[in-house]
Amino acid sequence: MPLDKSVLERNFPEFDFRVERGKIREYALVLGLNDPVHTDLEAARAAGFEDLLAPPTFVRQFWHENPENDPMPHLGYDPKRRLHGEQEFEYHKPLVAGMNLKGRNAIVSTREKEGRRGGMMTFVVIETRFVDETGELVQVARRTLIETAAPPKEA
Amino acid sequence: MTTTLEYATWEELTEGTEHELTVGPITRTDLVRYAGASGDFNPNHHDEIYAIRAGFDKPFAHGMLQGGYLARLLSEWLGPGSFKNMKLRFNALTWPGDMVICKAKVVRRYEEAGERLVEIEANATNQRGDVLIKATATAAPRS
(Lines give C-alpha, C1' and ligand atoms only; values in the text may rest on other atoms or scores of the structure.)
Protein backbone atom coordinates (compact mmCIF):
# COMPACT_ATOMS: atom_id res chain seq x y z
CA MET A 1 0.00 0.00 0.00
CA PRO A 2 1.23 3.55 -0.59
CA LEU A 3 2.86 5.64 2.09
CA ASP A 4 0.44 7.08 4.63
CA LYS A 5 1.22 10.76 3.99
CA SER A 6 -0.35 11.91 7.28
CA VAL A 7 2.80 10.65 9.02
CA LEU A 8 4.77 13.45 7.32
CA GLU A 9 2.74 16.10 9.17
CA ARG A 10 3.30 14.53 12.54
CA ASN A 11 5.92 15.51 15.12
CA PHE A 12 7.36 12.70 17.17
CA PRO A 13 8.29 13.58 20.76
CA GLU A 14 11.72 13.36 22.30
CA PHE A 15 12.43 10.14 24.19
CA ASP A 16 14.91 9.04 26.85
CA PHE A 17 17.59 6.51 26.00
CA ARG A 18 19.58 5.36 28.99
CA VAL A 19 22.79 3.61 27.97
CA GLU A 20 23.31 0.60 30.23
CA ARG A 21 26.42 -1.50 30.85
CA GLY A 22 24.50 -4.77 30.67
CA LYS A 23 22.99 -3.98 27.27
CA ILE A 24 26.38 -2.89 25.90
CA ARG A 25 27.97 -6.15 27.09
CA GLU A 26 25.12 -8.27 25.72
CA TYR A 27 25.19 -6.50 22.34
CA ALA A 28 28.99 -6.82 22.05
CA LEU A 29 28.98 -10.52 22.97
CA VAL A 30 26.28 -11.39 20.40
CA LEU A 31 28.45 -9.86 17.66
CA GLY A 32 31.58 -11.57 19.00
CA LEU A 33 33.29 -8.23 19.66
CA ASN A 34 36.47 -9.33 21.41
CA ASP A 35 37.52 -5.84 22.40
CA PRO A 36 37.38 -5.52 26.21
CA VAL A 37 36.47 -1.81 25.98
CA HIS A 38 32.88 -3.07 25.52
CA THR A 39 32.86 -5.57 28.38
CA ASP A 40 35.50 -4.70 30.98
CA LEU A 41 35.34 -1.41 32.86
CA GLU A 42 39.06 -1.31 33.66
CA ALA A 43 39.99 -1.91 30.03
CA ALA A 44 37.56 0.78 28.88
CA ARG A 45 39.03 3.30 31.33
CA ALA A 46 42.60 2.33 30.42
CA ALA A 47 41.68 3.09 26.80
CA GLY A 48 40.50 6.57 27.79
CA PHE A 49 36.73 6.02 27.93
CA GLU A 50 34.71 6.98 31.00
CA ASP A 51 32.78 3.72 31.01
CA LEU A 52 32.05 0.72 28.76
CA LEU A 53 32.04 1.90 25.13
CA ALA A 54 29.00 1.06 23.00
CA PRO A 55 29.78 -0.85 19.75
CA PRO A 56 29.45 1.27 16.57
CA THR A 57 25.96 0.00 15.64
CA PHE A 58 24.55 0.03 19.20
CA VAL A 59 21.97 2.82 18.77
CA ARG A 60 20.18 0.69 16.16
CA GLN A 61 18.87 -1.38 19.01
CA PHE A 62 15.12 -1.02 19.27
CA TRP A 63 14.69 -0.83 23.02
CA HIS A 64 14.33 2.93 22.95
CA GLU A 65 11.76 2.99 20.17
CA ASN A 66 8.03 2.67 20.48
CA PRO A 67 4.98 3.76 18.46
CA GLU A 68 4.72 7.05 20.40
CA ASN A 69 8.12 8.32 19.29
CA ASP A 70 8.92 6.39 16.10
CA PRO A 71 7.36 7.05 12.67
CA MET A 72 8.12 3.51 11.43
CA PRO A 73 4.88 1.83 12.59
CA HIS A 74 2.86 4.72 11.10
CA LEU A 75 4.22 4.58 7.54
CA GLY A 76 1.39 2.30 6.46
CA TYR A 77 3.91 -0.26 5.19
CA ASP A 78 2.88 -3.87 4.86
CA PRO A 79 5.15 -5.48 7.50
CA LYS A 80 5.67 -8.44 5.15
CA ARG A 81 7.08 -6.17 2.44
CA ARG A 82 9.16 -3.94 4.69
CA LEU A 83 12.93 -4.04 4.26
CA HIS A 84 15.75 -2.22 5.97
CA GLY A 85 17.61 -0.89 2.92
CA GLU A 86 20.34 1.29 4.39
CA GLN A 87 21.66 2.29 7.77
CA GLU A 88 23.95 5.22 8.39
CA PHE A 89 25.65 6.52 11.54
CA GLU A 90 27.41 9.79 12.31
CA TYR A 91 29.62 9.76 15.40
CA HIS A 92 30.15 13.01 17.30
CA LYS A 93 31.12 11.90 20.84
CA PRO A 94 31.98 8.50 22.37
CA LEU A 95 28.82 6.69 23.46
CA VAL A 96 29.46 5.13 26.88
CA ALA A 97 27.43 3.41 29.60
CA GLY A 98 25.78 5.73 32.09
CA MET A 99 24.86 8.36 29.51
CA ASN A 100 21.27 9.54 29.55
CA LEU A 101 20.54 10.47 25.98
CA LYS A 102 17.57 12.27 24.53
CA GLY A 103 16.59 11.02 21.11
CA ARG A 104 14.22 12.34 18.50
CA ASN A 105 13.01 10.72 15.29
CA ALA A 106 12.07 12.61 12.16
CA ILE A 107 11.34 11.63 8.57
CA VAL A 108 13.94 13.44 6.46
CA SER A 109 13.10 12.17 2.97
CA THR A 110 10.65 10.02 1.03
CA ARG A 111 10.57 8.82 -2.57
CA GLU A 112 8.78 6.30 -4.73
CA LYS A 113 10.19 4.37 -7.64
CA GLU A 114 8.94 1.68 -9.99
CA GLY A 115 10.10 -1.80 -8.96
CA ARG A 116 11.95 -4.09 -11.38
CA ARG A 117 8.97 -6.43 -11.54
CA GLY A 118 6.42 -3.60 -11.67
CA GLY A 119 4.54 -1.92 -8.86
CA MET A 120 5.78 0.96 -6.74
CA MET A 121 8.54 0.77 -4.18
CA THR A 122 8.56 3.33 -1.38
CA PHE A 123 11.70 4.65 0.36
CA VAL A 124 11.54 6.56 3.64
CA VAL A 125 14.57 7.87 5.55
CA ILE A 126 14.10 8.28 9.30
CA GLU A 127 16.77 10.24 11.13
CA THR A 128 17.33 9.83 14.87
CA ARG A 129 19.41 12.46 16.65
CA PHE A 130 20.81 11.65 20.08
CA VAL A 131 22.04 14.40 22.43
CA ASP A 132 23.55 14.11 25.91
CA GLU A 133 22.52 15.85 29.16
CA THR A 134 24.32 19.03 28.10
CA GLY A 135 22.50 19.09 24.77
CA GLU A 136 25.60 18.13 22.78
CA LEU A 137 25.10 15.89 19.76
CA VAL A 138 26.41 12.34 20.37
CA GLN A 139 25.25 10.31 17.37
CA VAL A 140 22.93 10.56 14.40
CA ALA A 141 21.40 7.40 12.93
CA ARG A 142 19.59 7.29 9.59
CA ARG A 143 17.64 4.26 8.44
CA THR A 144 16.17 3.81 5.00
CA LEU A 145 13.01 1.72 5.11
CA ILE A 146 11.75 0.23 1.87
CA GLU A 147 8.36 -1.20 1.07
CA THR A 148 8.92 -3.55 -1.84
CA ALA A 149 6.45 -3.87 -4.71
CA ALA A 150 5.94 -7.62 -4.33
CA PRO A 151 6.71 -10.14 -1.59
CA PRO A 152 10.51 -10.34 -1.71
CA LYS A 153 12.28 -13.57 -2.46
CA GLU A 154 16.04 -13.41 -2.06
CA ALA A 155 17.05 -9.79 -2.79
CA MET B 1 42.95 -9.99 33.02
CA THR B 2 41.64 -9.06 29.62
CA THR B 3 43.77 -8.65 26.56
CA THR B 4 43.83 -5.31 24.83
CA LEU B 5 43.66 -5.50 21.07
CA GLU B 6 46.31 -4.06 18.78
CA TYR B 7 44.84 -1.53 16.39
CA ALA B 8 46.39 -0.35 13.15
CA THR B 9 47.92 3.12 13.18
CA TRP B 10 47.19 5.86 10.64
CA GLU B 11 50.76 5.51 9.39
CA GLU B 12 50.24 1.79 8.71
CA LEU B 13 46.92 2.30 6.95
CA THR B 14 48.23 3.16 3.52
CA GLU B 15 45.80 3.15 0.60
CA GLY B 16 45.05 -0.41 -0.45
CA THR B 17 45.63 -1.93 3.01
CA GLU B 18 43.07 -4.69 3.59
CA HIS B 19 41.59 -6.51 6.54
CA GLU B 20 39.03 -9.31 6.84
CA LEU B 21 36.91 -11.32 9.22
CA THR B 22 34.82 -14.44 8.58
CA VAL B 23 31.88 -15.25 10.85
CA GLY B 24 29.63 -18.28 10.75
CA PRO B 25 27.99 -20.51 9.93
CA ILE B 26 25.15 -18.31 11.22
CA THR B 27 22.74 -20.23 13.45
CA ARG B 28 19.12 -19.60 14.38
CA THR B 29 20.40 -19.09 17.90
CA ASP B 30 22.48 -16.15 16.61
CA LEU B 31 19.27 -14.62 15.19
CA VAL B 32 17.38 -15.07 18.45
CA ARG B 33 20.26 -13.66 20.50
CA TYR B 34 20.47 -10.64 18.18
CA ALA B 35 16.72 -10.10 18.48
CA GLY B 36 17.06 -10.11 22.27
CA ALA B 37 20.12 -7.85 22.34
CA SER B 38 18.66 -5.33 19.90
CA GLY B 39 14.96 -5.55 20.77
CA ASP B 40 14.12 -6.12 17.09
CA PHE B 41 11.44 -8.79 17.22
CA ASN B 42 10.34 -8.68 13.58
CA PRO B 43 8.90 -12.25 13.29
CA ASN B 44 10.62 -12.77 9.91
CA HIS B 45 13.80 -13.37 11.94
CA HIS B 46 12.52 -16.12 14.24
CA ASP B 47 9.00 -17.30 13.31
CA GLU B 48 9.12 -20.00 10.62
CA ILE B 49 5.41 -19.93 9.76
CA TYR B 50 5.29 -16.13 9.62
CA ALA B 51 8.39 -15.98 7.38
CA ILE B 52 7.00 -18.62 5.00
CA ARG B 53 3.64 -16.82 4.77
CA ALA B 54 5.54 -13.61 3.98
CA GLY B 55 7.11 -15.39 1.00
CA PHE B 56 10.50 -16.40 2.42
CA ASP B 57 11.83 -19.96 2.60
CA LYS B 58 12.59 -19.62 6.33
CA PRO B 59 13.63 -17.01 8.91
CA PHE B 60 16.64 -14.92 7.89
CA ALA B 61 19.15 -12.71 9.72
CA HIS B 62 18.53 -9.08 10.70
CA GLY B 63 20.42 -6.80 8.33
CA MET B 64 21.98 -5.24 11.39
CA LEU B 65 23.40 -8.59 12.54
CA GLN B 66 25.58 -8.73 9.43
CA GLY B 67 26.03 -4.97 9.70
CA GLY B 68 27.23 -5.50 13.26
CA TYR B 69 29.82 -8.05 12.09
CA LEU B 70 31.10 -5.60 9.50
CA ALA B 71 31.27 -2.86 12.14
CA ARG B 72 33.12 -5.31 14.42
CA LEU B 73 35.78 -5.86 11.73
CA LEU B 74 36.25 -2.09 11.32
CA SER B 75 36.25 -1.37 15.06
CA GLU B 76 38.76 -4.10 15.93
CA TRP B 77 41.00 -2.99 13.05
CA LEU B 78 40.88 0.82 13.26
CA GLY B 79 40.21 1.18 16.98
CA PRO B 80 36.95 1.52 18.90
CA GLY B 81 35.55 5.02 19.05
CA SER B 82 37.63 6.13 16.05
CA PHE B 83 34.72 6.47 13.62
CA LYS B 84 33.35 9.65 12.11
CA ASN B 85 30.64 7.92 10.11
CA MET B 86 29.58 4.55 8.76
CA LYS B 87 27.06 3.71 6.05
CA LEU B 88 25.70 0.23 5.39
CA ARG B 89 23.69 -0.71 2.31
CA PHE B 90 21.85 -4.02 2.58
CA ASN B 91 21.92 -6.03 -0.60
CA ALA B 92 21.02 -9.68 0.04
CA LEU B 93 19.70 -11.78 2.88
CA THR B 94 21.66 -14.11 5.16
CA TRP B 95 20.13 -17.50 5.94
CA PRO B 96 20.93 -19.84 8.82
CA GLY B 97 23.89 -21.97 7.74
CA ASP B 98 25.51 -19.13 5.73
CA MET B 99 28.95 -17.66 6.29
CA VAL B 100 29.45 -13.89 6.49
CA ILE B 101 32.81 -12.91 5.00
CA CYS B 102 33.67 -9.28 5.78
CA LYS B 103 36.41 -7.48 3.85
CA ALA B 104 37.57 -3.89 4.19
CA LYS B 105 40.09 -1.74 2.37
CA VAL B 106 41.60 1.72 2.86
CA VAL B 107 40.66 3.74 -0.23
CA ARG B 108 41.99 7.12 0.93
CA ARG B 109 44.33 8.37 3.64
CA TYR B 110 44.35 12.11 4.24
CA GLU B 111 44.56 14.98 6.69
CA GLU B 112 41.75 17.46 7.11
CA ALA B 113 41.32 20.26 9.67
CA GLY B 114 44.24 18.88 11.70
CA GLU B 115 42.82 15.33 11.78
CA ARG B 116 44.41 12.23 10.28
CA LEU B 117 41.66 10.28 8.58
CA VAL B 118 41.09 7.17 6.48
CA GLU B 119 38.22 6.37 4.19
CA ILE B 120 37.22 2.73 4.08
CA GLU B 121 35.22 0.66 1.60
CA ALA B 122 33.99 -2.65 2.90
CA ASN B 123 31.60 -5.43 2.02
CA ALA B 124 30.21 -8.64 3.39
CA THR B 125 29.63 -11.63 1.13
CA ASN B 126 28.45 -15.18 1.74
CA GLN B 127 30.11 -18.46 0.77
CA ARG B 128 28.29 -18.32 -2.62
CA GLY B 129 29.86 -14.95 -3.43
CA ASP B 130 26.60 -12.97 -3.08
CA VAL B 131 27.20 -9.45 -1.78
CA LEU B 132 25.23 -9.05 1.46
CA ILE B 133 26.25 -5.52 2.42
CA LYS B 134 28.28 -2.72 0.92
CA ALA B 135 29.69 -0.21 3.38
CA THR B 136 31.72 2.96 3.59
CA ALA B 137 33.24 4.54 6.70
CA THR B 138 35.51 7.38 7.75
CA ALA B 139 37.71 6.95 10.80
CA ALA B 140 40.47 8.77 12.66
CA PRO B 141 42.78 5.94 13.79
CA ARG B 142 45.50 6.63 16.36
CA SER B 143 48.86 7.81 15.01
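**Where the chains meet**

β2(A) and strand β2 (residues 83-90) of chain B run antiparallel and are joined by five bridges. Strands count as paired if DSSP finds at least two bridges between them. Within that pairing, Phe89(A) has Met86(B) in β2(B) as its bridge partner.

A quick word on the ground rules: this is a predicted model, with local features needing pLDDT of at least 70 and side-chain atom pairs counting only at pLDDT 80 or more, while totals for chains, interfaces and linings use all residues. Residues are numbered from 1 along each chain as its sequence is written, and chains are lettered from A and ligands numbered from 1 in the order in which they are written.

Stepping back to the whole contact, chain A puts in 36 residues and chain B 34 residues; two residues touch if their C-beta atoms, placed from the backbone, lie within 7 Å. On the chain A side, α1 (21-30) and β2 (82-91) each supply at least two residues, and β2(A) gives the most, with eight residues. Helices here are DSSP runs of H or I with at least four residues, strands runs of E with at least two, numbered from the N terminus. By class, that side of chain A has 19 nonpolar, seven polar and 10 charged residues. Nonpolar covers Ala, Val, Leu, Ile, Met, Phe, Trp, Tyr, Cys and Pro, charged covers Asp, Glu, Lys and Arg, and the others, Gly among them, are polar.
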